[in-house]
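Please look over the sequence and the model below before reading on. The paragraphs that follow lead through a few of its parts, one after another.

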Amino acid sequence: MSLIKQKPWCRVVIINITACIAIVPVIAGQTAGFRGAPSSSAQIKNPYASDGQAAAGGKKLYSQNCSQCHGHNLQGIGPAPALTTTSVKGASPGELFWFITNGDLNKGMPSWAQLPKQQRWQIVTFLESKNGDK
Amino acid sequence: MSKLPPIFMKASLGCLLLVTSACGAGERPYFVAYDQTMEEPGNLEIEAKGLTASPQGGNGFLSGVTEFEYGAKGWWTTEFYLDGQTTANESTIFTGFRWENRLRLLMREHKINPVLYVEYEDLSGANKSLLEVVGFDSQYDALVPNREANEEREREIETRLILSSNLNGWNISENFIAEKNLFGKPWEFGYAVAVSRPLSLLASADECIFCRENFQAGVEGYGGLGTANEFTVHGTSQYVAPVISWQVREAVFKISPTFGLTDASYRAMLRFGISYEISGFTRMLRKAFH
């Protein structure tokens, strides 16, 4: 205490460190979406929500592009996880879209940005139809 | 009755797995330019590409390249090429090999996605695949007979900075090429730019061969930019090429009539290719030979 009185700059340092420690969980909460998706992605709505035709197209796209790793029944194969887990079911459509777009290149999930965004949303619609619409 | 040797059975099983387990995934129709798409980890894509052209006053030729592209990581794709060509009234020859590596520099999608490309080329002077156009490459290079050109060995490092964007279904890609001969010749420069789009942005619900979403169309432009001693477009080859591809389940077919824009360019060329992607190749190999 006497050190803080003697050296006022110590008070500034302590306040700054305390503020940083307090801010970290706030920032982490803002970015800790499904698989690292930013919080803003949760606000994005699926333009094809509950659209049966879109889901059918998404089923075809899933079969062509995703099933070799995630299984024809979304059960997961090898290191690729099942897509019927609680975390996937709990993800918002926007977060799923973000993850399909960006992937996780370090963990073997490719980016699917080469598919038009409409097709990526079709895949999201298909996944939602399998896991129950949100 | 004699039994087939085990290695034959395993090889046959491996081939069967290859045929039944392939899938395609939004291949661009480009022949020269690259976009930011990497091969999916563990997948192997085999592609055969051809080019036919005829230099003014020379013999027509058909060059062929076989490519083996492997997804080593989500951010690293590696590819091995075998090149050859056949020239009318001359010979058919193997002209060398290449080893290419592409590295995603950023792990997330951005408005512009950079990819670093580094390739080692060990090719003879008779190589005519024109997978890139740099420096003062011209149609007149093909006038040298195969028996002379094939004696010359060119070992080079090709580097590219690939910049690629996806916007409203369109892909726009730019490649800046710098190539260095390892035996002292100056740096050679070139470029490739391309734009393409699927004919439909939505996938239809039906399984179909001629669905519009199975087709992609676009245009490529590429050419030389001179050397470190003379950075210029004068006296270089420049090309513009419409491109189109058609994905049919396991295979992608693509074709590109190409038009030369300068005196140094071939007046016209025709490129064509077919690729076949084998998903989970690494996993299948482990199962087949375990």
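Which residue, with a positive phi, follows helix 6 of chain A? Helix 6 of chain A is followed by A:G103, and the phi of A:G103 is positive, near 65°. This is a predicted model, in which local features need pLDDT of at least 70 and side-chain atom pairs count only at pLDDT 80 or more, while totals for chains, interfaces and linings use all residues. Residues are numbered from 1 along each chain as its sequence is written, and chains are lettered from A and ligands numbered from 1 in the order in which they are written.

Helix 6 of chain A covers residues 93-102, where helices (H or I, at least four residues) and strands (E, at least two) are DSSP runs, numbered from the N terminus. Of its 10 residues, 9 are buried, a residue being buried if 20 or more other C-beta atoms lie within 10 Å of its own, exposed if 12 or fewer, and partly exposed in between, with C-beta atoms placed from the backbone. Among the buried residues of helix 6 of chain A are A:L96, A:F97, A:W98 and A:F99, and what covers the buried residues of this helix includes helix 7 of chain A.

Helix 7 (residues 117-131) of chain A also packs with helix 3 (residues 52-65) of chain A, at an angle of about 100° and with their axes 7 Å apart; axes are lines fitted to C-alpha atoms, for helices over the stretch in contact, and angles run from 0 to 180 degrees between N-to-C directions. Helix 3 of chain A is therefore roughly perpendicular to helix 7 of chain A, a term for angles of 65 to 115 degrees. The contact (C-beta atoms, placed from the backbone, within 7 Å) includes A:L61 and A:Y62 of helix 3 of chain A and A:I123 and A:F126 of helix 7 of chain A.

In chain B, strand 1 (residues 44-53) runs antiparallel to strand 2 (residues 61-73), and 10 bridges join them; two strands pair if DSSP finds at least two bridges between them. Within this pairing, B:E45 has B:E69 of strand 2 of chain B as its bridge partner. Strand 1 of chain B is also joined by 10 bridges to strand 12 (residues 268-278) of chain B, again antiparallel, and there B:A53 has B:M269 as its bridge partner.

Finally, B:A241 lies in strand 10 (residues 238-248) of chain B. B:A241 counts as buried because it has 24 C-beta neighbours inside 10 Å. Leaving aside neighbours within four places in sequence, B:A241 is in contact with residues including B:V219, B:P257 and B:F259.

Key:
Angles under 35 degrees count as roughly parallel, over 145 as roughly antiparallel, 65 to 115 as roughly perpendicular and the rest as oblique. Two residues are in contact if their C-beta atoms, placed from the backbone, lie within 7 Å.
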